[in-house]
Amino acid sequence: MSAPEDGAAPALRDQYSLWAQPKGRLGEQLKAEIGHLAARHGAPAFPPHTTVLGDIERPGGRQEVLAVAAELAQKVKKYRINFTDVTRGSIYYQCVYLSVAKDDGAMAAAATAREVFGITTGPYMPHLSLLYSDIPQEERAKAVEDGIVRLYGESSGYDTLLVENGYEVDSFAVWYTPVADKSLKSWCLVGEFELTG
């Protein structure tokens with residue numbers, strides 16, 4: 001995307017994501033791990049989250065997204081996210097991540113979100129990203145090995161070892177997340193809704 005002639009930055013699309021965020025000690029631990037990887041690879045840090053639905057755009061903008069998210073929260077029961085392993089993907093936003101078990105609760109929440117928002121996407125692959133980057137595959141593989149040792153390895157000194165291998169989801173957070181902003185500087189929390197189930 002090129003900048004306009006007057007030097008102003010191009011306008012970002014009005015895109016949102018629905019996140020299930022870990023809280024408490026596990027949330028702090030994952031935030032620290034994301035910060036560690038970001039510093040090591042010159043990448044942006046971001047809050048730990050499992051995306052329930054991304055790339056949300058509505059004609060009514062933010063207000064409509066929040067209204068639909070509130071409606072969704074009334075239809076989704078509280079559920080648990082369980083991590084399965086540290087792995088890597090091939091795209092920027094799935095560079096290194098904790099894969100999440102495709103348990104009934106997680107899959108039902110994602111299916112309901114797609115239905116309520118009227119969005120058809122490819123198969124849902126629940127995950128909690130640890131690093132956003134375009135680093136080469138060899139570096140991704142090394143970051144995965146490092147993550148396994150730090151989060152699961154007995155030689156980690158226990159300061160980085162995960163306190164829990166998953167978390168309870170009792171709310172959805174709505175974030176402004178324009179995909180074109182790889183710096184994440186524009187990303188921000190715009191609303192949170194308690195699940196009523």
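Helices (H or I, at least four residues) and strands (E, at least two) are DSSP runs, numbered from the N terminus. The model is predicted: local features need pLDDT of at least 70, side-chain atom pairs count only at pLDDT 80 or more, and totals for chains, interfaces and linings use all residues. Residues are numbered from 1 along each chain as its sequence is written, and side-chain values use heavy atoms, with hydrogens and water left out.

Along its principal axes, the C-alpha trace spans about 50 × 50 × 30 Å. Of the 197 residues, 48% count as buried. Buried means under 20% relative accessible area, exposed over 50%, and partly exposed in between (1.4 Å probe, protein chains only). Contacts (heavy atoms within 4.5 Å) were counted between residues at least 6 apart in sequence, and 76% of them join residues at least 24 apart.

The accessible surface comes to about 9,800 Å². Carbon and sulfur atoms account for 52% of that surface. Areas come from the Shrake-Rupley method with a 1.4 Å probe; for residues, only the protein chains shown count as cover. The protein carries 19 positive and 26 negative charges, and their mean positions are 1 Å apart. Lys and Arg count as positive and Asp and Glu as negative, while His and the chain ends are not counted. The place of a charge is taken as NZ of Lys, CZ of Arg, CG of Asp or CD of Glu.

Side chains of opposite charge can pair when their charged atoms come close. The structure holds 10 salt bridges. Each is a side-chain nitrogen of Lys or Arg within 4 Å of a carboxyl oxygen of Asp or Glu. One of them joins Glu192 and Lys23 (3.6 Å, N to O). Glu192 lies in strand E8 (residues 188-194) and Lys23 in the loop between strand E1 (16-20) and helix H1 (24-41), so the pair ties together parts that are 169 residues apart in sequence. Both ends are partly exposed, Glu192 at 41% relative accessibility and Lys23 at 45%.

A further salt bridge pairs Arg80 with Glu164, with the closest N and O atoms 3.1 Å apart. This pair also links distant parts of the chain: Arg80 is in strand E3 (residues 79-88), and Glu164 is in the loop between helix H4 (137-152) and strand E6 (166-169), 84 residues away. Arg80 is partly exposed at 26%, as is Glu164 at 38%. Shared partners join Lys23, Asp170 and Glu192 into one salt-bridge network. Glu71 bridges to Lys75, with the closest N and O atoms 3.8 Å apart. Glu71 is partly exposed, at 39%.

Backbone angles come last. Most residues other than glycine have a negative phi. Asp55 has a positive phi, near 55 degrees. Asp55 sits in strand E2 (residues 50-56) and is partly exposed at 49%. Leu184 has a positive phi of about 65 degrees. Leu184 is in the loop between strand E7 (171-176) and E8, and counts as buried at 8%.
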